[in-house]
Amino acid sequence: MTAVKYELIKVCKQSGARLGRVHTPHGVIETPAFMPVGTQATVKTMSPEELKTMDAHIILSNTYHLFLRPGHDIIGRAGGLHKFMNWDRPILTDSGGFQVFSLSDMRKITEEGVQFRSHLNGDKLFLSPEKAMEIQNALGSDIMMAFDECPPYPAEYDYVKKSLERTTRWAERCLNSHARPHDQGLFAIVQGGMHKDLRIQSAKDLTSMDFPGYAIGGLSVGEPKHLMYDVLDYTVPELPAGKPRYLMGVGSPDALIEGSIRGVDMFDCVLPTRIARNGTTMTSQGRLVVRNAKYAEDFGPLDPECSCYTCQNYSRAYIRHLLKADETFGIRLTTYHNLHFLLQLMRDVRQAIMEDRLLDFRDDFFTKYGLFDN
Ligand SMILES: CC(C)(C)OC(=O)NCc1c[nH]c2nc(N)[nH]c(=O)c12
Ligand SMILES: [Zn+2]
């Protein structure tokens, strides 16, 4: 019995987007959902209480990083990741495959798995489907990701085909080796680059194994956005309507809306936390770089339409001062606002689906956010 179940609530009559719920051992996720990223067992500078105040239903963490430091065995002995980081809502852990390819060099891929050197101390390490399952079981995440290869972009057709076929074999090994002591859900990851026939082959092979959910990997890797949307247009329909669809690494406001319209239910992205650290914020009027000198005496909030803690209590001038003075509180304020902005955007998307008007919502949002300019 898998304790991760998708409940389809309704389909938007105007856009075809879905409103749903993902039930997990640690609670329910309203979808479409944005998942804040907490790679090293923390959503940078945010406390669990602040994440609950902005009503994040689920956060991400990462097998590769936690395997390297502090070690999944320590976290296991601490009682698992929920206890270790004091987060009692759902956690999704990425499988580490992607991070090996993007973070460490000196790596060697074989059918068995991937040999690589730690990007921290150069230690020779090895990750395989079985190892990735062992680590995620020790972490006790509610949703685990299968061990996959995210091919570089662009990549040769033959390489992408060989890679997706190995990713499918790896997914099967995860399913078979995946003992679910915590009733964890295991999502497979569809690959296939930007090739329609390969994406459909990957989706068909994986859905024939009946996973509790399906992720779409290998996108948002530098391809133009319209190409990502084309891939979604022909890949999402290959996935079962009764299971969640998770688009990995995607999180700009326009991509969250366009992905929801194409039937995606879950998203994650480091964007809101990463750009916050260099003083870039997302507001209803578009991006605002609060470090800019023009805000030195701007005593208004980051976003006049935002109800978050940052916008209720602090001015652009104050936040700019903190960032210029390298005061950590400044990054906490921009991070809090950016995460709240995307979580609020997804609440508005869910409301628009409920009222069958998501396409109208998209047009209004894009006009205000200045997305028709670029
Ligand atoms: C470049 C960024 C990170 C924005 O996006 C991607 O690389 N997108 C793809 C991606 C993100 N996270 C993944 N995890 C796994 N297992 N596999 C993947 O393909 C991906
Ligand atoms: Zn705000």
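Here is a friendly conversation about a predicted model and the terms used to describe it.

Reader: What should I know about the model before we start?

Author: It is a predicted model, in which local features need pLDDT of at least 70, side-chain atom pairs count only at pLDDT 80 or more, and totals for chains, interfaces and linings use all residues. Residues are numbered from 1 along each chain as its sequence is written, chains are lettered from A and ligands numbered from 1 in the order in which they are written, and side-chain values use heavy atoms, with hydrogens and water left out.

Reader: How many helices and strands does the chain have?

Author: The chain has 15 helices and 16 strands. These are DSSP runs numbered from the N terminus: helices are H or I with at least four residues, strands are E with at least two.

Reader: What makes the chain as compact as a globular protein of its length?

Author: The globule rule is 2.2 Å times the number of residues to the power 0.38, and the radius of gyration is taken over C-alpha atoms. For 374 residues the rule gives 21 Å, and the chain has 20 Å, which is close, so the chain is as compact as a globular protein of that length. Its C-alpha trace spans about 60 × 50 × 40 Å along the principal axes.

Reader: Why is helix α10 described as largely enclosed?

Author: Buried means under 20% relative accessible area, with exposed over 50% and partly exposed in between (1.4 Å probe, protein chains only). Nine of the nine residues of α10 (residues 253-261) are buried, so the rest of the structure largely encloses this helix. Among the buried residues are P253, D254 and I261. The cover over them includes β4 (33-35), α9, β14 (266-268), β15 (280-283), α14 and α15. After α10 comes G263, with a positive phi near 95 degrees. Over the chain, 57% of the 374 residues count as buried.

Reader: What makes the arrangement around the zinc ion (ligand 2) tetrahedral?

Author: Let's begin with the donors, which are N, O and S atoms within 2.8 Å of the metal (3.2 Å for Na, K and Ca); water is not among the atoms, so sites may look incomplete. The protein donors here are C306 (SG), C308 (SG), C311 (SG) and H337 (ND1), at 2.1 to 2.3 Å from the zinc ion (ligand 2). Four donors count as tetrahedral if all angles lie between 85 and 135 degrees; four count as square planar and six as octahedral if opposite donors are over 155 degrees apart and all others between 65 and 115, and anything else is irregular. The angles at this zinc ion are 102 to 116 degrees, so the arrangement is tetrahedral.

Reader: Where do these donors sit along the chain?

Author: They follow the spacing C-x1-C-x2-C-x25-H. C306 lies in the loop between β16 (286-289) and α12 (309-313), and H337 in helix α14 (residues 328-354), so the pair ties together parts that are 31 residues apart in sequence. C306 is buried at 10%, and H337 is buried at 0%.

Reader: Why is the pair of Y64 and F116 called tilted?

Author: Rings of Phe, Tyr and Trp (its six-membered ring) pair if their centres lie within 6.5 Å; planes under 30 degrees apart count as stacked, over 60 as edge-to-face and the rest as tilted. The structure holds 12 aromatic pairs. The ring centres of Y64 and F116 are 5.6 Å apart and the planes are at 45 degrees, so this pair is tilted. Y64 belongs to helix α2 (residues 63-68) and F116 to strand β8 (residues 114-117), so the pair ties together parts that are 52 residues apart in sequence. With relative accessibility of 0%, Y64 is buried, and F116 is buried at 1%.

By contrast, F365 and Y369 are stacked, with 5.1 Å between centres and 15 degrees between planes. Both lie in helix α15 (residues 358-369), four residues apart, about one turn of the helix. An α-helix has 3.6 residues a turn, so residues three or four places apart point the same way.

Reader: How do you know that G213 touches K243?

Author: Contact means heavy atoms within 4.5 Å. Leaving out residues up to four places away in sequence, G213 touches L186, F187, A188, K243 and P244. G213 is in strand β12 (residues 213-216), while K243 is in the loop between α9 (225-235) and β13 (245-247).
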